[in-house]
Amino acid sequence: MANLTTDFIGIKSPNPFWLASAPPTDKEYNVRRAFEAGWGGVVWKTLGSEGPPVVNVNGPRYGAIWGADRRLLGLNNIELITDRPLEVNLREIKSVKRDYKDRALIISLMVPCDEDSWKDILHRIEDTEADGVELNFGCPHGMAERGMGSAVGQVPEYIEMVTRWVKKHSRMPCIVKLTPNISDIRKPAEAAKRGGADAVSLINTINSITSVNLDTFSPEPMIDGKGTHGGYCGPAVKPIALNMVAEIARSPDTHGLPISGIGGVTTWRDAAEFMALGAGNVQVCTAAMTYGFKIVQEMISGLSQYMDEKGFTSTADLVGRAVPNVTDWQYLNLNYVTKAHIDQDACIKCGRCYAACEDTSHQAIAMKPGRVFEVMDDECVACNLCVNVCPVDSCITMVELPKGAVDPRTQTTVGDYANWTTHPNNPSVQAAE
Amino acid sequence: MTHSPLTPGIVSGRLPADRIAANFADHTPPLDAHEAHVAADRCYFCHDAPCITACPTSIDIPLFIRQIATGTPEAAATTIWTQNILGGMCARVCPTETLCEEACVREVAEGKPVEIGRLQRFATDTAMAKGLHPFARAASTGKTVAVVGAGPAGLSCAHRLAMHGHDVVVYERRAKAGGLNEYGIASYKSTGDFAQKEVEWLLRIGGITVQTGVELGRDVTLDALLARHDAVFLGIGLGGVNALRAEGEDRAGVANAVDFIADLRQTADLTKLPVGRDVVVIGGGMTAVDAAVQSKLLGAENVTIVYRRGQEKMSASGYEQEHATSAGVRIICNAAPVAVHGNGAVREVEFGYMADTPEGLKATGETFRLKADQVFKAIGQTLAGAPEGAVLEGGKIAALPARVWAGGDCTAGGEDLTVTAVAQGRDAAEQINIFLRG
């Protein structure tokens, strides 16, 4: 079985699966259960300043969207940071860490945007023996209205400033958690790096309204007839998170900055994808909230099996392996020509490929007597829509035309790699002449 | 309980009341809302869907399933009823395993089709429970049409004619409307007096008068109907029953399966309905299966279906055959009745083994006897009481005089299924409407 031990910015954990700062990590009881279940690390739910804790709503905190059979696909929440007294949290963190020295225990922090507040909280957590801190610059609801959370995360200058304060007043490793509610994720990551962050973690949740009650005309989750945007998470946000992780991993300004990947990680496969795109480990919340802590067992066994099959001896062999293959559109090979091919033996004759192609694409699939569906290579632009709508796995595949072959659609010969930057239709190429 | 399955002769109360009640409960229980949602989600929304083609009434199945999936079963019911006004009953009695569900691409792919029949029932039951009848009559045309027979074909025709603004009088020879839906469907397929509820629901369109106890040829002639109405639709079904043509057929204890099935439906307390200890059902169709299974459910000890050809030739579907055998019914194939033995009442039936040759069925000469105190004949129904002027083909109506149309089991063409009768009644109504509007 592959060794899953992970060293993330000097913090060791027996596996790369951490629980994200969120409701599952709000108190000792839950965190002990998580460690007993096998989680490699925990980011304790965000602590605020000393004083009266924040209060939460007393109605629903979560909204959801579902797939078939009520499979939870997306969750949103309007819960705030911990609503328990600071001293209680600190006492519990210390108690847990004492009993689980081999696990990573990170403390998430969010205090007002002034140096004294940060200095104070950092001193208070010092003797918990926690392994590091994570700065919550991502929470998009409630706290943002008070100038914290994503209100900081949306201003790169603030990120840099606060990160500097943290590094100045603490020797603990510092992870900056980023909000996705921003147009270019690289800017806050660069700011964190400038401020001295040891790593970034992303994504925090996405501003969202999960649904609207069409009888009461209130957004969900609804509190006394009203609703507010909450933070969206779960499987539905994974593609957005993967892209943002990749953008930071491949940007020359942030390349090499350790990343803790967050966003819809539900299975070992999701985790492996984040890691391939540059995440040194992953953080999980919604999957645990949906199925309980036991899911980590599948993540551990799955990732081990995959690494064994690939011959990876450490998670470092996997981390970042897909990053060189993430590029800009303009560098994609325009001489890579494929055609859809329908395996007639596998085809169940539902005709979805035909409807999709005929109605919404390129009229490149013929429907023949007996419900036989065939691709017309002279019309197929290889868009892949038929592959995506086909209910049968691997029934429709994209077949690459070899170099030298003539594309029946364009009557051109498949040549060597060539991209948009040198394409005759590119105005900037002509301007350069 | 005074009797048991072992009591000789034809007696009632072989099983306690609670067992009888359980045996005759809904054979395929309705889906609840969540089950329907999950089942609906399995539909691929095929292009030019094969299930629609396979449905004799051409219901837009992918559309109604999508309407269920999006939380509007009422709209789904409208989609169903627009094509098949008896969609509620068809959802219960259609042999979906040989129609829409056989054609479902998921049957082809996984051997597990989308549960179209049960979803159709979910939609129609939901809408009926809400009291919805999403059809209204067009302005009155002043024309009147006689519909003979209040079975699936006649009711379907009547509803469509009423919708087009014509006034309809339905003449029904029996005491209740519904035809085979009321008298010919196994009890566990149509529980809770559904057939009558559906008729009442259908008549809410208005403009339809039902006269029961009126039989064509006995109480009224076609000429009289033509004199009274602008057009006539015949949905008279198959009123006759084929004879065994075996010696001793008239012994006590030998009955028509269709009559037994009708009795089952019309008996309020099934513990009072007598059944034999050793029941033999002769035939290979759905009527045979329905009679055999229900005999077993009433408490008969031994029930045997005997069919003269090979099992693959049985018109009861594989699903129905399995339903019978799982209920404890034995099926013997390639045997035809030779004689019914007994002293007054039947005691044994003698069968001869048959060989299916290119020249037809031939007796092999080998015979056997089955113990029997009750025998049900289920070897097919025949057209009875076809009016003068009707041209028959293969014993069924193929052509009719002017201003007369026909549909359902009495006509040639199409299988003898409820859903086929509904389609034919509906289509005849459309033709009549065109004729009446000249």
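**A walk through a two-chain model**

Ala382(A) sits in the loop that runs between strand 19 (372-375) and helix 13 (385-389) of chain A, where helices (H or I, at least four residues) and strands (E, at least two) are DSSP runs, numbered from the N terminus. This is a predicted model, in which local features need pLDDT of at least 70, side-chain atom pairs count only at pLDDT 80 or more, and totals for chains, interfaces and linings use all residues. Residues are numbered from 1 along each chain as its sequence is written, while chains are lettered from A and ligands numbered from 1 in the order in which they are written.

The phi of Ala382(A) is near 70 degrees, a positive value in a residue other than glycine. Most residues other than glycine have a negative phi, and most peptide bonds are trans. Ala382(A) counts as buried because 22 other C-beta atoms lie within 10 Å; the class of buried residues requires 20 or more other C-beta atoms within 10 Å of a residue's own, exposed residues have 12 or fewer, partly exposed ones fall in between, and the C-beta atoms are placed from the backbone. Asn384(A), found in the loop between strand 19 and helix 13 of chain A, also has a positive phi, of about 85 degrees, although it is not a glycine. Asn384(A) is classed as partly exposed because it has 13 C-beta neighbours inside 10 Å.

The buried residues in helix 12 include Arg352(A), Cys353(A), Tyr354(A) and Cys357(A). Chain A is assigned domain 1 (6-325) and domain 2 (329-432), with bounds that come from an automatic or database domain assignment. The C-alpha centres of domain 1 of chain A and domain 2 of chain A are 40 Å apart.

Turning to helix 8 (residues 268-276) of chain A, one finds a mostly covered element, with eight of its nine residues buried. These buried residues are Trp268(A), Asp270(A), Ala271(A), Ala272(A), Glu273(A), Phe274(A), Met275(A) and Ala276(A). Their cover includes strand 3 (17-19), helix 7 (238-250), strand 15 (259-262), strand 16 (279-284), helix 10 (295-310) and helix 11 (315-318) of chain A. After helix 8 of chain A comes Gly278(A), which has a positive phi near 115 degrees.

Five residues separate the two strands of the hairpin, and Asp69(A), in the turn, has a positive phi of about 55 degrees. The peptide bond from Leu202(A) to Ile203(A) is cis, with omega near 10 degrees, and Ile203(A) belongs to the loop between strand 10 (199-202) and strand 11 (206-208) of chain A. Glu220(A) and Pro221(A) are likewise joined by a cis peptide bond, with omega about -5 degrees, and Pro221(A) lies in the loop between strand 13 (218-220) and strand 14 (230-233) of chain A.

Chain B has a mean pLDDT of 96, with 100% of its residues at 70 or more; pLDDT is the predictor's confidence in each residue, from 0 to 100. The domain assignment divides chain B into domain 1 (42-129), domain 2 (144-239 + 383-437) and domain 3 (241-377), and the C-alpha centres of domain 1 of chain B and domain 3 of chain B lie 33 Å apart. From an unreviewed entry, UniProt lists "domain: Dihydroprymidine dehydrogenase" at residues 22-131 of chain B, in the numbering used here, with feature names shortened and annotations that may be inferred rather than shown by experiment. That span, residues 22-131, is 61% helix and 0% strand, and its end C-alpha atoms lie 28 Å apart. UniProt also lists "domain: FAD/NAD(P)-binding" (unreviewed entry) for residues 144-425 of chain B, a span that is 26% helix and 31% strand, with its end C-alpha atoms 16 Å apart.

Finally, the two chains meet where twelve residues of chain A are in contact with ten residues of chain B, contact meaning that the C-beta atoms of two residues, placed from the backbone, lie within 7 Å. The predictor gives the complex an ipTM of 0.85 and a pTM of 0.90.

Technical notes
Two strands pair if DSSP finds at least two bridges between them.
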